[in-house]
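Welcome! Have a look at the structure below, and then we will walk through it together.

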Amino acid sequence: LAAKTSAPITVTLPDGKQVPAESWKTTPYQIAAGISKGLADNVVIAKVNKVLWDLDRPLEEDCTLELLKFEDKEGEQVFWHSSAHVLGEALERLYGGCLCYGPPIEGGFYYDMHVDQGGVSAVDHPSIEGLMRNIVKERQPFERLELPKEDLLRMFQYNPFKVRILQEKVQTPTTTVYRCGPLIDLCRGPHVRHTGKVKALHVTKNSSA
């Protein structure tokens, strides 16, 4: 971003109001905070020119801006997706397994993980949930990174599931990962600003194949 040249842009809100901003500097969160602190505290994700957008990702050009809350369907899906990353970090730290997919689902989320030995049972739920709550308390920022595919193939060489996704699904020279705490995961995003936004969570069940 430091290499980008900032210029004045205009941001149009759903009610037609236009807000002056600077490209590569002004973020959706800053615009939300300029409207009201309550809005900034409650917004989950932004939508820029009809595309979901991280709240702390700078705007790039003249655009329309929507600020979505949990009550909005897309806001709810982003919230559950970010919650899945919190679960993924906890699982990776507790079990050292290979993470696969961690999508949002209706009313919640899950994460697939492969472990060579042992597994997860109901007696493990409290320890998983406890670590997840600690991750939430740490308010780890979700950081979006765009990296070369070849670098990511080397980074994820320990995880055959991520390598397969890169080889079969990524057809571009670069793609995005998101980092929160020690977890770096292949992901298109977007996400909530930080793990502290996940106010409530509960591990309800596990299964094995």
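How much area is buried between domain 1 and domain 2? About 1,000 Å² is buried between domain 1 and domain 2, and carbon and sulfur atoms give 54% of that area. Buried area here is the accessible area (1.4 Å probe) that two parts lose on being put together, summed over both. Before going on, please note that this is a predicted model, where local features need pLDDT of at least 70, side-chain atom pairs count only at pLDDT 80 or more, and totals for chains, interfaces and linings use all residues. Residues are numbered from 1 along each chain as its sequence is written, and side-chain values use heavy atoms, with hydrogens and water left out.

**The two domains**

- The chain is divided into domain 1 (7–68) and domain 2 (74–197), with bounds that come from an automatic or database domain assignment.
- Their contact (heavy atoms within 4.5 Å) takes 13 residues from domain 1 and 11 residues from domain 2.
- Val44, Leu52 and Asp54 supply 43% of the area that domain 1 buries against domain 2, more than any other three residues.
- Between domain 1 and domain 2 there are 2 salt bridges, each a side-chain nitrogen of Lys or Arg within 4 Å of a carboxyl oxygen of Asp or Glu.

**A closer look at Leu52**

- Leu52 sits in strand S4; strands (E, at least two residues) and helices (H or I, at least four) are DSSP runs, numbered from the N terminus.
- Leu52 is partly exposed, with a relative accessible area of 26%; buried means under 20%, exposed over 50%, and partly exposed in between (1.4 Å probe, protein chains only).
- Setting aside neighbours within four places in sequence, Leu52 is in contact with residues including Lys47, Glu74, Val78 and Pro190.
- The side chains of Lys47 and Glu74 meet in a salt bridge, at 2.8 Å from N to O.

- Which residues of H1 are buried? They are Pro28, Ile31 and Ala32.
- Seen down the axis of H1, these buried residues fall within an arc of 100 degrees, so they line one face of the helix; the arc is that of the directions from the helix axis to the C-beta atoms.
- The buried residues of H1 pack against several elements, among them strand S1 (8–12), helix H2 (37–42) and strand S5 (63–68).
- Thr27 lies in the loop between strand S2 (18–22) and helix H1 (28–35).
- Thr27 is buried, with a relative accessible area of 8%.
- Not counting residues up to four places away in sequence, Thr27 touches Leu55, Asp56, Arg57 and Pro58.
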